Each structure stands twice: as structure tokens, then as C-alpha cells.
Amino acid sequence: MTGFTREDTPVAMEGGGLDFRMQKAGGDMSVAFIHLPKGTDMGPALKGLEGDLCQCPHWGYLFKGRIRMRTASGEETYEAGQAYYWGPGHAPEALEDTDVVEFSPTAEFSAVIDHVKAQSGG
């Protein structure tokens with residue numbers, strides 16, 4: 001069994017206030033500690049994926065902030081204090097400075113992260 005902290009989790013992406021840390025957690029899952037500054041819209045970075053949306057499922061908890069989640073069927077807003085499941089087919093936008101911890105299948109999450117990095121030239 002393993003425990004994880006934000007400070008001990010390697011940085012996968014950063015810049016412009018974004019702080020995204022991720023590592024394998026076991027059982028083909030990864031843990032991510034994510035800070036999205038207000039106004040961060042992941043939609044443009046997801047262009048080119050199926051439906052131009054993230055196709056990886058995520059289970060997580062919002063510690064701080066609010067996120068608008070856009071899907072093919074509409075949008076929902078999530079707030080601090082909520083646990084969530086986001087199925088494949090979503091694009092988040094931070095309505096406030098937001099901090100989350102989430103668990104996702106490693107292979108699917110890594111593919112999305114690689115795509116986002118390629119979109120940003122990183």
C-alpha cells in the first residue's frame with residue numbers, strides 16, 4: 001500500500017499558473033494533484049481527440065474552486081467539497097482557482113496528457 005502527497009508527486013506539466021502532478025498509484029491507476037488557475041479552459045488543448053474532448057474517466061475530489069465541465073450533452077458545474085466521476089467525453093474550465101486530486105486509468109490519462117503537451121508545444 002502506498003500514500004501520496006502533492007509535494008512528493010512529480011510535476012507532469014506546469015506553466016501559466018497550472019501545476020499538474022501525476023504518478024502511478026497501482027492497479028493500472030494514477031493519482032494526479034492539479035491546480036488550475038481561474039480562466040483555464042482545457043477545451044483548446046483537447047482539440048484533435050475524439051469529439052475534441054478528454055476521453056479518460058476520472059474519479060476525484062475538489063478541494064477548492066469551481067469547474068464547469070462541458071460534454072457533448074451539455075455542461076455541469078462542480079464546486080469545492082464535491083467528489084466526482086467524470087466519464088469519457090468532457091472538457092473542463094476553471095471558473096475559480098481550483099485544486100483537485102483525481103484518480104484515472106494510467107494508460108488513458110497518459111495518452112491525454114501527451115496530446116495536451118503536444119498541443120502546447122511541450
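Guide: Buried means under 20% relative accessible area, exposed means over 50%, and partly exposed is in between (1.4 Å probe, protein chains only). This is a predicted model: local features need pLDDT of at least 70, side-chain atom pairs count only at pLDDT 80 or more, and totals for chains, interfaces and linings use all residues. Residues are numbered from 1 along each chain as its sequence is written, and side-chain values use heavy atoms, without hydrogens and water.

Visitor: Is His 115 buried or exposed?

Guide: His 115 sits in helix 2, residues 106-119. Its relative accessible area is 17%. The limit for burial is under 20%, so His 115 is buried.

Visitor: How far apart are the C-alpha atoms of His 115 and Leu 46?

Guide: Leu 46 is one of the residues that His 115 touches, along with Ala 45, Lys 47, Gly 48 and Leu 49; residues up to four places away in sequence are left out. Contact here means heavy atoms within 4.5 Å. His 115 and Leu 46 are 69 residues apart along the chain, yet their C-alpha atoms are separated by 7.4 Å.

Visitor: In what order do the elements run from the N terminus?

Guide: Helices (H or I, at least four residues) and strands (E, at least two) are DSSP runs, numbered from the N terminus. The protein has two helices and nine strands. Their order is β-β-β-α-β-β-β-β-β-β-α.

Visitor: Why does the protein count as compact as a globular protein of that length?

Guide: The globule rule is 2.2 Å times the number of residues to the power 0.38. For 122 residues the rule gives 14 Å. The radius of gyration, taken over C-alpha atoms, is close to that, at 13 Å.

Visitor: What share of the 122 residues is buried?

Guide: The C-alpha atoms fill a box of roughly 40 × 30 × 25 Å along the principal axes. Among contacts between residues at least 6 apart in sequence, 60% join residues at least 24 apart. Buried residues make up 43%.

Visitor: Which side chain makes a polar contact with that of His 58?

Guide: His 58 is in strand 4 and counts as buried at 3% relative accessibility. Among the residues it touches are Tyr 84, Trp 86, His 90, Glu 102 and Phe 109. A polar contact is a pair of N or O atoms within 3.5 Å; within protein, one must be able to donate a hydrogen and the other to accept it, and residues adjacent in sequence count only if both atoms are side-chain atoms. At 3.1 Å, the partner of His 58 is Glu 102.

Visitor: Which side chain is in polar contact with Asp 19?

Guide: Asp 19 belongs to strand 2, residues 18-26. It is buried, at 9% relative accessibility. It touches Arg 6, Phe 33 and His 35, among others. Its side chain makes a 3.0 Å polar contact with the side chain of Arg 21.

Visitor: What is the phi of Asp 28?

Guide: Most residues other than glycine have a negative phi. Asp 28 lies in the loop between strand 2 and strand 3 (29-36). It is exposed, with a relative accessible area of 70%. Its phi is positive, near 65°.

Visitor: Where is Asp 52 found?

Guide: Asp 52 is not a glycine, but has a positive phi of about 60°. At 33% relative accessibility it counts as partly exposed. It lies in the loop between helix 1 (43-46) and strand 4 (58-64).
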